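Let's take a walk through this protein and look at a few of its rings and strands. Keep the 3D view open while you read.

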Amino acid sequence: MMENTWSLSGHMPCVRVWEVDGGQVAEVQSHKYGVSCVAFSTNSCYIVSVGYQHDMTVSVWDWRKGEIIASNKVSSRVSSVSFSQDNSYFVTAGNRHVKFWYLDASKERRVNSTVPLIGRSGLLGDHKNSVFSGVACGRGLVASSTYSITSSGLLCLFNSSRHLEAWVNLKTSAASCLAVTEDFIFCGCADGVIRVFSPSNLQYITTLHHPHRLGVDLTQSVQHSLGARYPDTMAVTFDPAARHLTSVYNDHSVYVWDVNDVKSAWKLYSALYHSSCVWCVEVYPELSDVSQACLPPSSFLTCSSDNTIRLWHTDPPTGHGNLYSNDLQRILYVGENTQAEGEKGGEAAGADGKAGVRVLSISPDGQHLAAGDRCGNLRIFGLEFLDQLVKIEAHDSEVLCLEFSPTSTGMNLLASASRDRLIHIFNLEKNYSLQQTLNDHSASITAVKFSGESPEVRMISCGADKSLYFQSAEQTVEGPWFSRSHHVVEKTTLYDMDLDSSRTHVSVACQDRNVR
């Protein structure tokens, strides 16, 4: 198993090799800016890695020895690489680029040092200006052929002389990936399409089923409808032993297809994940009275920049499954027009970068979920039916933290804090009406906590203004009212805060890498 990443120690791009059921076994740093693609040789002796466009380097290394055996410069942006069946050469594909690199000829010139890779460009003819997004070398009877796919939706065949001999239109708006076996070419296209062709003559065979539609409702059984949109296919790979095809889509979902009978292929497994940055995880509390719980044990919720809140079960109860995921139970689409757009990957998060749900908090009685988004809105959901109960335009900037008052305080309050430097306190007993606004902080507020027991209740907050504020509560005719009782100033930004189990000590994570 391979990973292209940044070194944790030296902050340099590197390729790491891992055992599938074990730890890291090798690491090589041969690129300066980043690694765009990697591939094992067919016999697993070598790895080829291609750097980012500014790196302009393609390297072949003996990963067991950690030695680079051949290297050269590549001037184009490379998006895919594939080894031939006999390991004598590999092919890179990218922006107006298909190139054959001959490993045997390079090894003959090697004594004890890295030698230049010998490369020959593919003869592209009329397609010299195409962007080649995927490449795969032939297998079996067509091992001398090489197949590439263009981003505009063409499947191309290169012969043993590197000539682009034939091509076929995939009839799609875009294509991004392909996988080649002895019998089939699987082409991953836009809108969830995977088309299948014969490698011998590029004859069309069939098209696999669509995955879930964008904006899928996991509680419904029938999902495909006229005009439905589907996530784009981003990667495909074939397991020749089990004859299973795995596909990954741009909403970060994964499917495994049984293609033993390719014309009647069926889904073996699927999993749906967030399509963008995950901001918060909230575990459903264990209630003393289990009959009052809205969700089963081992439930938790997550929120993301993809404008969704997702309900998961680590141990799903029997009979609560759905067609698409074993552990994901529900998806809540937050805001307007997000049912399709919110799952379209990170690019759907909005040009202003303001889309997405930033923080979650579950009420102590397990009945309500509070969610704050990056536009400053606060939403309250009922956890029994996951329906929206209240929406409040609470802040002028993104909500950074939410906190319900614990049962021990004897109060039913919700505090929300934001980048706008304000803390709003809402009263649950008055349908989340605004109880009080605190404006002590002069910068973003990063954490808010309640402590103490009735009648001595406190609220603590910290923020980017390097301050900790302690507020004491007193009961008035209008309800609880907080006033500042203590102020601590540190020399560094305070990122997060938590209370110990006795709720008598507060720990703060600081920018200077200390915990105070």
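## A pair of stacked rings

Tyr273 counts as partly exposed, because its relative accessibility is 34%, and that falls between the 20% limit for buried and the 50% limit for exposed. Keep in mind that this is a predicted model. Trp312, at 8% relative accessibility, counts as buried.

By the ring-pairing rule, the count comes to 15 aromatic pairs. In one of them, the rings of Phe184 and Phe186 sit 5.9 Å apart, centre to centre, with their planes at 55 degrees, so this pair is tilted. Both Phe184 and Phe186 are buried. Now back to Tyr273 and Trp312: they make a stacked aromatic pair, with 6.4 Å between the centres and 20 degrees between the planes. This pair links distant parts of the chain, 39 residues apart: Tyr273 is in the loop between strands S24 and S25, while Trp312 is in strand S27.

There's also an aromatic cluster to find, formed by Tyr89, Phe100, Tyr102, Phe132 and Phe158.

Next, find strand S29, residues 357-362: six of its six residues are buried. S29 pairs with strand S30 (residues 368-373) in the antiparallel sense, over five bridges.

Is Glu403 buried or exposed? It's buried, because its relative accessible area is 12%, under the 20% cut-off. Glu403 belongs to strand S33. Beyond its close sequence neighbours, Glu403 has contacts including Ser361, Phe450 and Arg503.

Key: Residues are numbered from 1 along each chain as its sequence is written. This is a predicted model: local features need pLDDT of at least 70, side-chain atom pairs count only at pLDDT 80 or more; totals for chains, interfaces and linings use all residues. Side-chain values use heavy atoms; hydrogens and water are left out. Helices (H or I, at least four residues) and strands (E, at least two) are DSSP runs, numbered from the N terminus. Buried means under 20% relative accessible area, exposed over 50%, partly exposed in between (1.4 Å probe, protein chains only). Contact means heavy atoms within 4.5 Å. Two strands pair if DSSP finds at least two bridges between them. Rings of Phe, Tyr and Trp (its six-membered ring) pair if their centres lie within 6.5 Å; planes under 30 degrees apart count as stacked, over 60 as edge-to-face and the rest as tilted. Lists of a residue's contacts leave out its neighbours within four places in sequence.
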